[in-house]
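Visitor: Hi, I've got a structure to look at and I'm new to it. Can we just talk it through?
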Amino acid sequence: MAEDERNKPLYMISVAAELTGMHPQTLRVYESKGLVNPKRSGGNTRLYSRADIERLELINQLTDEGINLAGVVRILDMKERAEERERENERLRVRVRDLEDQVAEYKLQKKITALVPRGGSADPEQVLRGLLGGGI
């Protein structure tokens, strides 16, 4: 599912409560404690996204395992930091691949330039033969 789709506010509090198996008042408490931040409609109705529902399900799982809300806050914070680091790592991997491609292109240009004689017209067949290691 695309990130935009996951964050689209869709569910009113009653639907979010039903989807997560929580009481609407529990969702309000979690919002007041900053555990979840549903968007608001023009009429100030809470609207929960699929990402909010997934977060609430994780909160539910953690509290069912005996973790208090302070621990849940720390776990969610660490999870968000890890996800941000992973996104940054992916951006860096893409950048490294781009730079490797540029370096390979520059090396090829340097080889071609080195094969072309200075001050005269080069025989294209000779340049190509030199580039390919004499394999034509």
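Visitor: Which residue does Glu54 form a salt bridge with?
Guide: Glu54 pairs with Arg6, and their closest N and O atoms are 2.5 Å apart. A salt bridge here is a side-chain nitrogen of Lys or Arg within 4 Å of a carboxyl oxygen of Asp or Glu. Before we go on, this is a predicted model: local features need pLDDT of at least 70, side-chain atom pairs count only at pLDDT 80 or more, and totals for chains, interfaces and linings use all residues. Residues are numbered from 1 along each chain as its sequence is written, and side-chain values use heavy atoms, with hydrogens and water left out.

Visitor: Where do Glu54 and Arg6 lie?
Guide: Glu54 lies in helix α4 and Arg6 in helix α1 (residues 3–6), so the pair ties together parts that are 48 residues apart in sequence. Helices (H or I, at least four residues) and strands (E, at least two) are DSSP runs, numbered from the N terminus.

Visitor: How many salt bridges does the structure hold?
Guide: It holds 14 salt bridges. One of them joins the side chains of Arg93 and Glu86, at 2.7 Å from N to O. Arg93 has 35% relative accessibility and counts as partly exposed, and Glu86 is partly exposed with 43%. Glu90 and Arg97 also meet in a salt bridge, at 3.6 Å from N to O. Salt bridges that share partners also join Arg6, Arg50, Glu54 and Glu57 into one network.

Visitor: Where's Arg50?
Guide: Arg50 sits in helix α4. Arg50 is partly exposed, with a relative accessible area of 21%. Arg50 and Glu5 are 45 residues apart in sequence, yet 7.8 Å apart in space, C-alpha to C-alpha.

Visitor: What about Asp52, is it buried or exposed?
Guide: Asp52 is buried, yet has no salt bridge. The nearest side chain of opposite charge, Lys39, is 5.8 Å away. As for charges, Lys and Arg count as positive and Asp and Glu as negative, while His and the chain ends are not counted.

Visitor: Which residues does Asp52 touch?
Guide: Leaving aside residues up to four places away in sequence, Asp52 touches Val36, Asn37, Pro38 and Leu47. Contact means heavy atoms within 4.5 Å. Asp52 itself is part of helix α4 (residues 50–64).

Visitor: Zooming out, how many helices and strands does the chain have?
Guide: The protein chain has six helices and three strands. From the N terminus on, they run α-β-α-α-β-β-α-α-α. There are 136 residues in the chain, and 18% of them count as buried.

Visitor: What's in the largest nonpolar core?
Guide: That core has 15 residues, and those with the most contacts inside it are Leu27, Tyr30, Leu35, Tyr48, Leu56, Ile59 and Val72. Elements giving two or more residues to this core are α2 (13–20), α3 (24–32), α4 and α5 (69–115). The most comes from α4, with four residues. A nonpolar core is a set of buried Ala, Val, Leu, Ile, Met, Phe, Trp, Tyr and Cys residues joined through side-chain atoms within 4.5 Å.

Visitor: And which residues does Tyr30 touch?
Guide: Not counting residues up to four places away in sequence, Tyr30 touches Met22, Leu35, Val36, Leu56, Ile59, Thr63 and Leu69.

Visitor: Which residues form a nonpolar patch on the surface?
Guide: Met12, Val15 and Leu19 do, with about 250 Å² of accessible area together. Patches are made of residues with over 30% relative accessible area and no salt bridge; like charges are joined within 9 Å, and nonpolar side chains (Val, Leu, Ile, Met, Phe, Trp, Tyr) within 5 Å. Accessible areas come from the Shrake-Rupley method with a 1.4 Å probe, and for residues, only the protein chains shown count as cover. Met12 is in strand β1 (residues 11–12) and counts as partly exposed at 45% relative accessibility.

Visitor: Last one: what's phi of Asn44 near?
Guide: Phi of Asn44 is near 70 degrees, a positive value in a residue other than glycine. Most residues other than glycine have a negative phi. Asn44 is found in the loop between β2 (39–40) and β3 (46–48).

Terms used
Buried < 20%, exposed > 50% of the residue type's maximum accessible area, 1.4 Å probe, protein only.
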